[in-house]
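Please open the model in a viewer and keep the selection tool at hand.

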Amino acid sequence: MPFLLLSIFVHAQTVLDQSNFTINQVWEMADSNNKRIQVQDLNVQAADAHVKVSKAERLPEIAADGVYAHVLPLPIYENGLFHSPGQFPVAPTYYKASADAYFNIYNGGKTNTEINASKVESELSRIQKGQQKQEIHYVAAVYFYEVFRNISYRGLLEQDIRDREKQLAEINQLYKNGTILKSDVLRAELRLSKQRMLLTEIENSIRIAKQKLNILIGRADDAPLNPEISDQETDAIALKQVDEYFNDAKTSSYKIQISEKEQALAKLKLKNVKSNVMPSLGFFGEYAFAYPQIQFYPYALSLYSTGMVGLKLKIPISSWYTNQHKVKEAELKVHQQAVEDEEVKDHIRQEVQENYIRYKESVQRIALAEENIKQAAESYRIVQNTYFNQLSLLTDLLDAETQLLQSKFELTTAKVNAKIQYYQLQKAVGNL
């Protein structure tokens, strides 16, 4: 046992102390530590407990009570209220101990309906928990790839700053040789200063995104966190036909499942309301000890016991005319849920179609960004050679540098956006 506990502790400590995470590890930590998921888990437990409460309604109702009282004198006004009364002798002490039980035999199916409704609510709470986990997975993925994107930006910008520093040294040398004006040096220094400020902004963005992700997965705000992403992970993913995603969404989409459960609850409520006009029948029994005997005449100053058993029938006559409006209201709720269910399915089809198209568009942007990098790199090479050969202006060189860096940024952005778009498609289908 000590060895087992030590192994568990070491493993848990390793998970907490590590700083490199894959997206699957982030999701696992979110499932275990996210507070919104924990709240949904408590909702599931409460719904399961409610099922047991509903089933307990089938058990007989048993109660016991006791009474101890001091009985006041009993005045008799034989000659009217305004004359002195006579006193009827009564025992000054009264006590009673009793027990009764009631067992429901039939109540129009209300108990079974309540049990079925609580089971549906339990299933609904589990679906809502799954939906919450999926939402957390998606938000975690957004933060995760936001950190990755900004770290990539930082790497590109740091390399660009190093290149610009070397270039500034060359420009200073040209200025010392008298081949260029001081304005070129100032422009190069200004651009380098802007790049350093941009690097500071990116560093701050990384810190903010890391804090958001750490909070989401239950870690300390400033805990080290580095996304671990392989080169293949950001490659384009081969999609199925859009109709296949539609079919998957019909069975996997949490929104559709929730809508169907809410529709089932509305039908059960209608059934429960309709049963209001049904009679109820139950077996009852009671037994009591009391002193003195004042229930039956002649009275007796002595302890007595009494009891009875039998069947109790109740016919709710007033419900025959008051329940019509309740039934109408419940029927309208059922129809409303049916319409809302169709609307949810329409929305899911639209959402799947949109994310499917957007993902393909994102893949095209990746290819375009890769081609733009090649063109920007070639343009920069040409302008750089011509500038240092005094054949072009510094503004042309700075524009070419900016375009090359921007193209690299756009490639990183396109890859991250494509991955997030794919997760959006999976979320719409219900597979995230």
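Select Glu361 and Arg358 in this predicted model: the two form a salt bridge, with their closest N and O atoms 2.8 Å apart. Both belong to helix H8, which covers residues 319-388, and because they are three residues apart, about one helical turn separates them. Glu361 is partly exposed, with a relative accessible area of 25%, and Arg358 is also partly exposed, at 39%.

Next, highlight residues 359-386. The unreviewed UniProt entry annotates this span as "coiled-coil region". The span is 100% helix and 0% strand, and the C-alpha atoms at its ends lie 41 Å apart.

Remain on helix H8 and select Arg381 with Glu378, which are three residues apart and hence about one helical turn from each other. Their side chains meet in a salt bridge of 2.5 Å, N to O. Arg381 has a relative accessibility of 42% and counts as partly exposed; Glu378, at 36%, is likewise partly exposed.

Now turn to Lys261 and Glu123, whose side chains meet in a salt bridge of 2.6 Å, N to O. This pair links distant parts of the chain, 138 residues apart: Lys261 sits in helix H7 (residues 254-274) and Glu123 in helix H4 (residues 110-176). Lys261 is partly exposed at 23% relative accessible area, and Glu123 is partly exposed at 37%.

Finally, select Asp160, Arg164, Arg191 and Glu401 together; salt bridges link these residues in a network.

Notes
Residues are numbered from 1 along each chain as its sequence is written. This is a predicted model: local features need pLDDT of at least 70, side-chain atom pairs count only at pLDDT 80 or more; totals for chains, interfaces and linings use all residues. Side-chain values use heavy atoms; hydrogens and water are left out. UniProt positions are given in the numbering used here, feature names are shortened, and annotations may be inferred rather than shown by experiment. Helices (H or I, at least four residues) and strands (E, at least two) are DSSP runs, numbered from the N terminus. A salt bridge is a side-chain nitrogen of Lys or Arg within 4 Å of a carboxyl oxygen of Asp or Glu. Buried means under 20% relative accessible area, exposed over 50%, partly exposed in between (1.4 Å probe, protein chains only).
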